[in-house]
Amino acid sequence: MKKALIIQNKFIGDVLVASVLAKNLKKIFPTIEVHFFCYNNAIYILQNNPYIDKIIEFDDIELKKLSVLWKYTKYIKNEKYDILLDPYAKLQSRFITLFSKAKRRISFDKPFFKYFYTDVFVEEKFPKFIHCTSIENRCLLLSPFINNITKIDFQTEIFLTEQEINNAKKLMINSGVSFTKPVLMVGILGSSLKKSWPLSYMAELINYLLKHYDIDILFNYIPKQQKEADDLLKEIVHKEKIFTSILGNNIREFASILSNCNALIANEGGAVNIAKAIQKPTFSIFSPHKFRKDWGCYENLLIHKSFHLMDIYPEIYTEYPLKEILRKPEPFYKLMKPKMLLSKIDHYLQNILSIDKTNSNLPQDIECKKPKITALCITYNEEDNVDRFMKDISFADEIIVVDSFSTDKTKELFKKYPNVIFIERVFDNFTNQKNFAIERATHEWIVFFDLDEHIPTPLINEILNTVNSPNPKDAYWIKRNFYFKDKLLKHSGWKNDKVIRLFKKDKSLYKSSKLVHEEIECKTEPGYLKNRLDHYSFNSEKKYLDKLDKYSRLKAKELFEKGKKSNFLHHHIKPIYRFLHHYIIQFGFLDGKEGYIISKMYSQYVSDRYKYLDQLWKAKKNKN
């Protein structure tokens, strides 16, 4: 039986996300024994975790002593681990790794120290799957044991017992919480005042919530912040709806209390990470110097949302270096005024948590600077892509799906997302289907992606920055990366592939003359976005051939309606030329066997197009 050790020192959030490694190791190697090395203040997070067989705890201060470090190093060496995962990648963990004698020692590619490990990986700057690098990068360490990283379970978990949850509920009831109305926990401060939304803003938000919603609120803070909590309470109008002393004595008690609340609204940090691990809805307020791409985990899900300076003033990050924002964050926090997030809070509480307003007389100046965006898509039998698409498109304010009566679980999967407008329409051609969708959009800006496309986080950020810029163009080209299954094709005619995926509703429409490979007709010259879109059109050869066959029939119909007929050139020369164009002229041979297969498929696509065109003319002749 294999044995593995995961080393993760320091913060609670780091230990929590590293625990995902244990879960996936157990899935890859069902009989493996997994040990976890962490400091004693974080062990509460790992207790009762069925994926961790042993917790090796230490005192963070003591471990800095060479004698203590050497004691633990010898202990770990004697355990004879087969696998050692070091996502901490700091001095102490490297020292332990060096002497561990583990067969596979895996960490990140850092100068000099990478030679301590058998496998190293370069950390990604932007996330691809769950909107945060903090978890995705740690899961890169599993790469030697898993071929497809998309198969990894990225969800963090804290395993609370029923008794813990019930004890917390009794504590809340004894403190006066009636549970006759929704209960929100509000994290009033971050780890320090410097890393917190201004208390005056927090007071304004809480007073707004208590005025317009029939709720109870639990303050969350650490004991040393008692004075700040008392100062904040003085600014609250309806103090009878506030509970300030239900805190819990440790992380598990806090998590148990939180599990009995409807949601958490807080400064982004450890409390938010814990809430996400017990899958409790969160609305977090980010520090100006931290970014969603690193810690905005699971914001692809409907239950987790956040507010960031980037949402309202993205230009700040081109005008000021990050070091200056980190050194003196107060003036940047002050730009994040409550009125700029109240509309998001309203939307969140009403649509996600089904909490209704008790007072509809809302301030008229509540607004969000970000222009509204409608996301559109057309679908048919896309069950494999629905969840990924919804994760990618979660930044949109409206999502409209036009489906061609799918026969798989596409409709069922979309219906589980309450913010999706799902419409069924009989398919006639791609252009009409897409223009039908555009007519139903209610916002000025439209993004129109296919479900076999993945929208990387840098592209999402660029889209949001673009629509928020002073003088945006009416439409934008986006270049695409074309993937043969999971392999990126760098040649074969796909290097310069581009599509218009972002445009203004009243300025653009799909050409009615194009039934397939539809094109946007824009009234002005489109611009270009810098970041690329990932196109995973090729899941299997059969599925892609079926797709090309459908395109061939529609293209034949398009030619037929224009009165075009085929000849010897179309049937015998054009298919050969298409193959040579992809494979030779566009250097498809440099893509290996994948380049050959895709070139052959497109040759067949051209051949079938004219075969179907002949059939249409023959049918018309027979009818006449």
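User: Ala, Val, Leu, Ile, Met, Phe, Trp, Tyr, Cys and Pro count as nonpolar, Asp, Glu, Lys and Arg as charged, and the others, Gly among them, as polar. How many charged residues has the lining of the largest cavity?

Analyst: In this predicted model, local features need pLDDT of at least 70 and side-chain atom pairs 80 or more, while totals for chains, interfaces and linings use all residues. Residues are numbered from 1 along each chain, and side-chain values use heavy atoms, without hydrogens and water. By class, three of its lining residues are nonpolar, four are polar, and the number charged is two.

User: Which elements give two or more residues to the lining of the second largest cavity?

Analyst: Around the second largest cavity stand Leu16, Val17, Ile135, Thr156, Asn273, Lys276, Cys297 and Tyr298. This lining has five nonpolar, two polar and one charged residues. The elements (helices being DSSP runs of H or I, at least four residues) that supply two or more of the lining residues are α1 and α10.

User: At what angle do helix α1 and helix α10 pack?

Analyst: The axes of α1 (residues 12-28) and α10 (residues 270-277), lines fitted to C-alpha atoms over the stretch in contact, lie 9 Å apart. The two helices are therefore roughly parallel, a class for angles under 35 degrees. Their packing angle is about 25°.

Technical notes:
Axes fitted to C-alpha atoms, helices over the stretch in contact; angles between N-to-C directions. Parallel < 35°, antiparallel > 145°, perpendicular 65-115°, else oblique. 1 Å grid on protein atoms, 1.4 Å probe; cavity = no way out; pocket = protein on both sides within 12 Å on 5 of 7 lines; lining within 4 Å.
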